[in-house]
Amino acid sequence: MNIGLGLPIDDPAQLLTWARRADTGPFRTLGLLDRLVYDNPEPLVTLATLAGATSRIRVQTEVLLAPHHNTALLAKQTATLDRLSGGRFTLGIGVGGREDDCLAAGIDLHRRGRRLDEQMTRLRRTWSGEPYGEGAGPIGPAPATPGGPEVLFGGFAPAALERVGRFGDGFLGAALPPSFMANLFRDATTAWQKHDRPGRPRLVAQANVALGPDTTLDLARRNLRDYYAFSGHVEYMEAGLLTTPQQIRETTDAYFGIGADEVMLYCWASDPDQIDRLADLLC
């Protein structure tokens with residue numbers, strides 16, 4: 001069973017500790033979310049730092065809001081991170097949906113999906129060593145992974161699932177119970193088959209967790225409420241936070257039961273002792 005850790009964002013200074021301790025444990029991946037108008041560390045810069053401080057564990061954006069980024073620079077940054085990490089980078093990618101993020105990035109909220117489609121065409125071309133576009137040659141460095149880093153699309157809309165088949169290597173589903181995630185996994189697989197892709201897409205689920213004393217759980221709930229305040233579904237998200245070993249085991253087993261290749265346990269409090277608690281739970 002592949003288990004990853006979603007990194008907390010409330011204390012960026014703790015993230016090196018998290019990464020080094022996780023690197024010696026049973027975890028496969030470290031994930032980090034992306035927002036622009038929010039008090040979170042920038043994910044590509046942060047994951048590059050964490051990749052340099054570790055030797056085994058993979059690093060993953062969960063998910064990078066690509067439409068906020070200049071495409072040529074994004075191609076260079078992601079290829080560089082993949083190269084320097086020795087191919088340990090996964091680009092989880094999506095469109096986002098916060099109007100304030102789009103305003104700050106200077107992009108049209110209503111065109112972000114079309115922009116992502118255009119970006120993916122250029123990213124794939126650039127990672128393969130082809131010229132970036134008319135009048136612009138190749139952009140290096142070449143990624144360590146031939147054709148570019150692994151790409152997982154996140155989201156719930158049909159367009160997001162369609163991108164799995166068109167551009168991606170798999171699907172990353174966040175914060176839904178297994179009974180609902182099963183439908184998204186099925187739709188992602190259908191999109192994959194529709195585009196005559198060989199094999200099957202990689203399927204990754206994410207669950208929100210906090211494990212520890214009341215101080216850790218209270219902080220996790222506060223952070224979760226603050227992050228999802230924009231959504232209008234704060235109570236639903238808080239109710240879905242897994243806070244006991246039994247809940248985490250049962251939910252993780254259920255995700256694997258519907259075909260997940262990996263489950264990301266997203267931690268919402270910076271208490272690093274959660275790493276050992278979760279590792280013990282998995283043994």
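Which strand does asparagine 208 lie in? It sits in strand E7, which covers residues 202-209. The views below come from a predicted model, in which local features need pLDDT of at least 70, side-chain atom pairs count only at pLDDT 80 or more, and totals for chains, interfaces and linings use all residues. Residues are numbered from 1 along each chain as its sequence is written, and side-chain values use heavy atoms, leaving out hydrogens and water.

View 1. Asparagine 208 is buried, with a relative accessible area of 4%. Here buried means under 20% relative accessible area, exposed over 50%, and partly exposed in between, using a 1.4 Å probe on protein chains only. Look for the polar contact at 2.9 Å between the side chains of asparagine 208 and tryptophan 268. A polar contact is a pair of N or O atoms within 3.5 Å; within protein, one must be able to donate a hydrogen and the other to accept it, and residues adjacent in sequence count only if both atoms are side-chain atoms. Beyond four places in sequence, asparagine 208 is also in contact (heavy atoms within 4.5 Å) with residues including Ala175, Tyr228 and Gly240.

**View 2. The largest pocket, with about 920 Å³ of space.** A pocket is an open set of points on a 1 Å grid over the protein atoms alone, where a 1.4 Å probe fits and protein lies on both sides within 12 Å along at least five of seven lines; lining residues have an atom within 4 Å of a point. Its volume is the space filled by probe spheres set on the points, which are joined across faces, edges and corners. The lining of the largest pocket has 36 residues, with Arg98, Gly155, Phe156, Ala174 and Tyr228 nearest the centre. Among the elements giving two or more residues to this lining are strand E3 (58-65), helix H5 (112-127) and helix H9 (234-239).

**View 3. The second largest pocket, with a volume of about 200 Å³.** Thirteen residues line the second largest pocket, and Ala175, Leu176, Pro177, Gly240 and Tyr255 lie nearest its centre. Two or more lining residues come from each of E7, H9 and helix H10 (245-257).

**View 4. Aspartate 82 in helix H3, residues 71-84.** With a relative accessible area of 0%, aspartate 82 is buried. Its side chain reaches the backbone nitrogen of threonine 145 at 2.7 Å. Leaving out residues up to four places away in sequence, aspartate 82 touches Gly87, Arg88, Phe89, Pro143, Ala144, Thr145 and Pro149.

**View 5. Two cis peptide bonds, one at valine 63 and one at proline 141.** Glutamate 62 and valine 63 are joined by a cis bond with omega of about -5 degrees, and valine 63 is found in strand E3. The bond from glycine 140 to proline 141 is cis as well, with omega near 5 degrees; proline 141 is placed in the loop between H5 and E5.

**View 6. Positive phi at alanine 175 and aspartate 196.** Phi is near 60 degrees at alanine 175, in the loop between E6 and helix H7 (178-194). At aspartate 196, phi is near 55 degrees. Aspartate 196 lies in the loop between H7 and E7 and counts as exposed, at 68% relative accessibility.

Key
Helices (H or I, at least four residues) and strands (E, at least two) are DSSP runs, numbered from the N terminus.
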